[in-house]
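I opened the notebook with two places to look up.

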Amino acid sequence: MSAHLLSRTESEDIVQALRGGLVPRRGLHHLATGMDALLGAIEQELEFVATGKGTAKWIRGEYGSGKTFATRLLCARARARGFATSEVQISINDTPLHHLETVYRRLIERLETAADGAGAFQGIVDAWLYQVGDEVQRIQGFSEDDPRLADATEKRLEDKLAELARQNQTFPAVLRAYHRAMFDGDFATAQGLIAWLSGQPHVSAKITAKANIRGALDGQAALTFLSGLLCLLRQTDRPGLVVVLDEVETIQRMNAQTRDKALNALRQLMDQLAHEQLQGLYLVVTGNRDFFEGHKGLKSLTPLYQRVSVSYGDDPRFDNLRATQVRLSPFDAARLLEVGRRVRDLYPATQPERVAAKVSDVFLQGLVEKVTAGFGGKVTVAPRVFLRELVDVIDRVEQHEAYDPSEHYKLTLNGETLTPEEVSAKEGRPSAGPADSDEDDAESSRGRARRLEG
């Protein structure tokens with residue numbers, strides 16, 4: 001265990017997230033078990049994307065299999081290689097998949113790089129502009145106080161914008177206006193233009209007029225703006241962008257017409273990747289089995305299903321991890337115990353010897369069994385609650401010298417703190433699937449086929 005390599009801040013960040021039942025945003029490699037083979041395959045695909053290509057990975061797993069953990073770890077690995085990353089959680093109300101302009105806005109809001117951290121979009125744009133100015137001074141020999149520098153920079157800027165302009169005129173127009181505003185010290189206009197370029201819907205018309213644009217970003221423009229972002233990344237020597245579309249299975253709860261629009265949005269992304277229109281993009285889509293195999297998921301759009309479908313064998317040890325779609329193996333008791341050990345060992349304890357003695361492997365094994373039994377023996381549902389309970393136990397050991405978890409700990413599964421999947425397991429019910437709508441019940445297969453063909 002490499003717990004001694006963690007800083008106290010990193011340890012505290014991990015534990016604080018687990019304390020709240022959340023997936024940590026940092027240090028995930030200290031908790032990862034059973035994922036080396038998959039991450040190895042993904043590393044190879046990132047190398048492929050770094051050559052200027054684009055590809056997609058569809059990750060399949062049920063609740064508790066670690067989809068969010070896997071994608072967050074993937075993003076951390078990618079940022080360490082110089083990629084920008086963005087995790088977008090799809091939801092019916094906040095981020096509906098069929099509204100690509102909203103997906104783009106969330107993508108920009110969650111954009112992250114190793115150098116700039118979260119909210120990296122403006123940093124990427126500013127780095128691009130700095131590089132333009134640096135090239136003019138370094139290559140053409142202009143000094144900072146040379147009166148010709150401004151004109152030379154504008155010319156070099158136009159050369160850089162030419163590649164963007166071939167795809168979309170608006171994106172480079174806003175960058176041009178942003179550069180002008182920054183050069184003139186008009187920071188209010190510059191911030192407004194960055195906001196518009198980020199997909200924010202409420203930007204003053206007075207500001208957008210300075211770039212000769214009007215209105216808000218729409219879904220079709222969002223895809224060309226994504227291409228523009230990829231171009232900026234290439235021109236600043238970054239290998240690419242990882243975009244995670246998480247919990248895409250939520251589209252199954254939409255009515256049929258809206259669901260079809262969402263699936264067509266995914267198909268559009270796949271088409272653009274196939275035609276090399278999104279160079280440097282590594283698209284990651286996560287979903288559960290119903291999304292991949294149910295009639296309200298990919299199967300309702302046959303061309304997309306055929307492109308993503310994979311035939312799995314009986315033994316997951318021999319899965320093809322280079323395939324477009326991969327499945328995550330569910331947690332078992334042994335993996336849960338191993339993660340428990342790692343959390344105990346990395347906990348930033350003031351008296352680590354006492355923690356190690358009282359939260360022993362024997363206690364950890366018993367906690368795995370108690371939490372799993374509380375969920376009807378379903379280990380796959382247990383990880384979130386298990387880790388939250390474990391951190392709570394260690395907290396008590398830290399604070400109270402007389403506290404002995406083997407004597408004083410009692411598991412209580414409060415339904416109000418559980419997810420729907422956890423409640424179903426606790427009550428011995430199957431997990432609820434996507435809700436049927438009246439429209440689905442009334443719709444004929446012939447009608448759906450007409451819609452998909454259109």
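Before the strand pairs, I wrote down one term: two strands pair if DSSP finds at least two bridges between them. I also noted that this is a predicted model.

**Entry 1: strand E6**

I looked up which strands are joined to E6 by bridges. Strand E1 (residues 55–60) is joined to E6 by six bridges, and the two run parallel. In this pairing, Ala 56 stands opposite Leu 283. Strand E5 (residues 241–246) also runs parallel to E6, with five bridges. Here Leu 245 has Val 285 as its bridge partner.

Next I followed the chain around E5. E5, helix H11 (residues 256–274) and E6 form a β-α-β unit, and the unit is right-handed.

Are the residues of E6 buried or exposed? I counted seven of seven buried, so the rest of the structure largely encloses this strand, residues 281–287. Buried here means under 20% relative accessible area.

Then I checked the two faces. In a regular strand, side chains alternate between the two faces of the sheet. On one side of E6 I found Leu 281, Leu 283, Val 285 and Gly 287.

I noted a volume of about 450 Å³ for the second largest pocket. Its lining has 16 residues. Nearest the centre lie Leu 129, Gly 133, Thr 153, His 179 and Phe 183.

Which helix gives the most to this lining? It is H5, with six residues. Helices H5 (121–140), H6 (149–165) and H7 (170–184) each supply at least two.

Last, I sorted the lining by type: six nonpolar, four polar and six charged residues.

Technical notes:
Residues numbered from 1 in each chain as written. Predicted model: local features only at pLDDT ≥ 70, side-chain atom pairs only at ≥ 80, totals over all residues. Heavy atoms only, no water. 1 Å grid on protein atoms, 1.4 Å probe; cavity = no way out; pocket = protein on both sides within 12 Å on 5 of 7 lines; lining within 4 Å. Points joined across faces, edges and corners; volume = space filled by probe spheres on them. Helix = DSSP H or I, 4+ residues; strand = E, 2+ residues; numbered from the N terminus. Nonpolar A, V, L, I, M, F, W, Y, C, P; charged D, E, K, R; others polar. Buried < 20%, exposed > 50% of the residue type's maximum accessible area, 1.4 Å probe, protein only. Right-handed = clockwise from strand over helix to strand, strands pointing away.
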